[in-house]
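The structure is shown first, and the description follows.

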Amino acid sequence: MTGVHGEPGEPRGGGTGHAAEEARETSGATTGLVLSFVRAHAGEAGVEELLRRAGVPFSAAELSLPSTWTSYDTRIRLFTAAAEVLGDPGVMFRVGAESLRAGLNASVVVLVRALGSPRQVYARLPRAVANFSTTSTMEVLDADATSATLRYRLHEGHVHSRLDCDYARGLITMVPTVFGLAPARVVHDECESDGHPACVYSLSWDRRSRLPWRRRAGTDPELAALRDQVRALQSAATDLVDGEDLGTVLPRIVERAASAVLAPAYLLAVASPHGGAPLVHSAGLPAAEVPGLTARLLAGEDLGPGSVVVDVASARRTHGRLAALGRADGGLGDERAMLAAYAGHAAAALDLVMALETSRAEARRAGALLDLAHGLAQAAEAPAVADVVARALPSIVGCGSSGVLLWDPAGAVLRAAACDGLAPAQEQVLRAADLRAADVPELFAMLTDREPRVLTARGSSTPMRELLTALDLTDVVALPLQAGATFLGVVTASWAAGQTADALDGEVLTRLRGVGDQASTALQKARLLETVRHQATHDALTGLPNRVLFRDRLVEALAASPAGGHVAVLFSDLDRFKAVNDGLGHAAGDELLRQVSARLRAAVRPGDTIGRLSGDEFAVLVPRLAGPGAADGVVARVAAAFGEPFRLDGIPVDVGTSTGVAVHSGEATDPRAVAERLLREADAAMYRTKHRDRPPAPEPRTAT
C-alpha cells in the first residue's frame, strides 16, 4: 500500500542509524513485506542477495521494523531486486496480494475489518495510505456496493515504477478477502509508467454470499490478524521489559509504537523520575519542531489532523503521553484503542524500569556511603577530606554537582577546596571565588544561625546570584559544617538548569546532613593532625621551622639543585641574649626571639626558609643563589635586620648577631650528607665570626 498526502523532503530522523541519510517516505511495513516474501520463497540466501543487488544502507532487521522509514528510491530498488532474485517480473503484485493474508501490520487488518465492507475500506483508503508512504496521492473517483474507481498519482520529483503500481494493485485487489469475499477484479488501463497523468484502478467485487458466523476460524483474516496483533503487543511488551534503563526503554517505546499504529512520526514525553524537564524521544520529526510539539502534547492541545494521542499510564502512575503523528486525516478508523493498549504495556515497562533504577540507585548510594567512610578514614588532610566528600555527594544525594568550601578564620573568607560535576570553566570560577560574610548575606546568616540554606539564582543576593549564574546553577542546597561551636565550612549539593532540588525537609537535606556530619568529624580530625604535625616540625615560640623541618627542606633544595646551581646556608647566633634573659627575665627573652624571627622573615626572599634550630640560634636556607659571592649580600641583609634596637617592655635593647655562611655549588649526589656538612660548616663559620669580632677579655688583676 503506497502513497498519499505529504510532500517528500528532508530526512526527519527515526529509528535507525541511517535516518539522517534517508528521506522518511516509505514505512518499514512495506519493506518488511518484501523481505518476508523473498525469505519465504528463496530463504535467507535470497534475502542476502536481495540486499546486495539493491545496494541499500540497511540491514534486513532494520528494513523489517515498521518504525524504519526509507526513501522512495530505496523502496523501488528493493522491488526491482526482488523481481530479479525471484526471476518474476510480476512478483510485486503477488507481494501486495499476500500482504493482507500474511505480513501486513495486524492492527491495519483489524481496522480494515472493523469498517464493515469493502466499499467503506476503499472510500477511506486515500486517508490511510500515509501510514505507509508520503510520496503519492490517492483519491476515490466513485464507489458503490460492488465497485470503485481509484486514482493514484506520484508526487513530482519521483519517477514512477511499474513495480510500485503492481504492488498497489495486488494489495487493493485483496481488500474483499478480509470480509470473506473473493478478491476484487481490477482493470488498470491508465498507468503513469505509460505516460498517463495518473494510475487509474477500476475495481469490482461480488456481494457478500456467506454470513460471518459461517466462516471457518482457520481462514478468517480478522481472527488471524487479531492473533497476530496480540502476539505483536506481547512481543513489544517483552522487548520493552528487557530494557535495562530509561535510556534504553524510552527510544524503544517510540520504535515499537509502529506495532500498534503505523505513522510517519512519533513523539513520547514522560516525567523524569529525578524531577525537572520531561524526558522526550521522537522519530520522524525535525529536531526544531520537537520542543513545541512536546509542549502542546503535555498541555493536551491538538497536534494536527490524523494525530493519535494516548496517556502512558499504569495502575501505579501516569508517566506521560505518546502520539502518532503525520497520518493525513486519521487513517482507517479508531486506532486510538490500539495505541492505548500498547501504551499500557509501555507504562508497565516503565514501572519496572523505574523500580529497577530506584533499586540500583539505592545500591549505588550504599556503595558511595561505604566509599565515603573508607575515603574519610584514609584522608589525613583537609583538602583530601574535601575531595572525598565532593566526589561522593552526587551518588549519595542525587545532585548534578557538589562542592566543599572551607572557612579560613584568619582571613574570614570561605573558599572552594573541592568540587565535582562542574565543567572546567565553572570549576575555575568557583575556585577563584572568595566569599566574605560582609559581602554575601547568605554566608553571614549561615555563620549566625548555622542553618542550611536553599540558594536559587532568582532569590539570592547580587553576589550569590552572579556566582550561581556563572556556574550555570539554579538550585543549591548549602549545609554548614561545624565541630561544636567551630565553623569549618560549607558543603553544597547543586542542580543545573532544568533540574530541581528537593525541599529542605526532603531526602536531599537528610542525606546531606549525614554526609555533613561525617565531613565535619573528618575535618576536625584533619585539623588536629595538622596541629600535631605542625607542632612536631615548628618552633612553638616563633612558629618557624625547627631543626628537623629545616634539615628536610635543605635536603630537598640540594636534591633539586642543577649542575650550575648554588645553595647557601646561613647560621646566626644572637649576641647578648643571655644578658637579656638575666637582666629582663625570660619573658623578655621570649619576646626578643619573636621579634628576631619577624625581622628575619622581612629580610629574606619569599622562597627562602628561616628556622630556629635551638635557643638563640637561627638559620637561613637560600635555595637559589646566583653565585657563591651572592651569599655576602644575604649576610648583609641579615645583619641589617639587627641595626635598630629591639623594644622589650618599653626598653630599647641593642642586640647583635654573628652569622656564618656555607655554600654548595652544583649537584648533590648525596643530599643528606651534603646537608649535614653545610650545617656544620655554617656553624663553624658563625663561631669563627663570633670570636673574631668579640673584644679581647680584660687582663686579670693580681693581688698585692
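H1 and H4 pack at about 105°, and their axes are 10 Å apart. H1 is therefore roughly perpendicular to H4, a label given to angles of 65 to 115 degrees, while angles under 35 degrees count as roughly parallel, over 145 as roughly antiparallel and the rest as oblique. The axes are lines fitted to C-alpha atoms, for helices over the stretch in contact, and the angles run from 0 to 180 degrees between N-to-C directions. On the H1 side, Leu33, Val34, Phe37 and His41 meet Val91, Met92, Arg94, Val95, Glu98 and Ser99 of H4, where contact means heavy atoms within 4.5 Å. By class, six nonpolar, two polar and two charged residues make up the contact of H1 with H4. In this classification Ala, Val, Leu, Ile, Met, Phe, Trp, Tyr, Cys and Pro are nonpolar, Asp, Glu, Lys and Arg are charged, and the others, Gly among them, are polar.

The model is predicted, and local features need pLDDT of at least 70, side-chain atom pairs count only at pLDDT 80 or more, and totals for chains, interfaces and linings use all residues. Residues are numbered from 1 along each chain as its sequence is written, and side-chain values use heavy atoms, with hydrogens and water left out.

The protein has 21 helices and 20 strands; these are DSSP runs numbered from the N terminus, helices (H or I) having at least four residues and strands (E) at least two. Of the 704 residues in the protein, 49% are buried (buried means under 20% relative accessible area, exposed over 50%, and partly exposed in between, with a 1.4 Å probe and protein chains only). Among contacts with a separation of 6 or more, 66% are between residues 24 or more positions apart.

Two further helix pairs can be described in the same terms. Helix H1 (residues 28-54) also packs with helix H3 (residues 72-86): their axes come within 9 Å and cross at roughly 75°. That makes H1 roughly perpendicular to H3. The residues of this contact of H1 with H3 comprise 13 nonpolar, four polar and five charged.

Leu86 belongs to helix H3 and is partly exposed, at a relative accessible area of 21%. Beyond its neighbours within four places in sequence, Leu86 contacts Phe37, Val38, His41, Ala42 and Val91. For Leu86 and His41, the C-alpha to C-alpha distance is 7.7 Å and the separation in sequence is 45 residues.

Helix H4 (residues 91-99) packs with helix H7 (residues 162-173) at an angle of about 30°, with axes 6 Å apart. H4 and H7 are therefore roughly parallel to each other. In H4, Met92, Phe93, Val95, Gly96, Ala97 and Ser99 meet Leu163, Asp166, Tyr167, Arg169, Gly170, Leu171 and Thr173 in H7. Seven nonpolar, four polar and two charged residues form the contact of H4 with H7.

How many aromatic pairs does a search of the whole structure find? The search finds five, a pair being rings of Phe, Tyr and Trp (its six-membered ring) with centres within 6.5 Å; planes under 30 degrees apart count as stacked, over 60 as edge-to-face and the rest as tilted. Two of these are listed here.

| Pair | Centre to centre | Angle between planes | Class |
|---|---|---|---|
| Tyr122 and Trp205 | 5.1 Å | 40° | tilted |
| Trp407 and Phe487 | 5.6 Å | 75° | edge-to-face |

Tyr122 lies in helix H6 (residues 118-128) and Trp205 in the loop between strand E4 (199-204) and helix H8 (221-241), so this pair ties together parts 83 residues apart in sequence. Tyr122 is buried, with a relative accessible area of 0%, and Trp205 is also buried, at 3%. Trp407 lies in strand E9 (residues 401-408) and Phe487 in strand E14 (residues 486-496), so that pair ties together parts 80 residues apart in sequence. Both Trp407 and Phe487 are buried.

Most residues other than glycine have a negative phi. Asp472 has a positive phi, near 60°, and sits in the loop between helix H15 (462-470) and strand E13 (473-483). Asp472 is partly exposed, at a relative accessible area of 47%. Asp649 likewise has a positive phi, near 55°, and is found in the loop between strand E18 (646-648) and strand E19 (651-653). Asp649 is exposed, with a relative accessible area of 68%.
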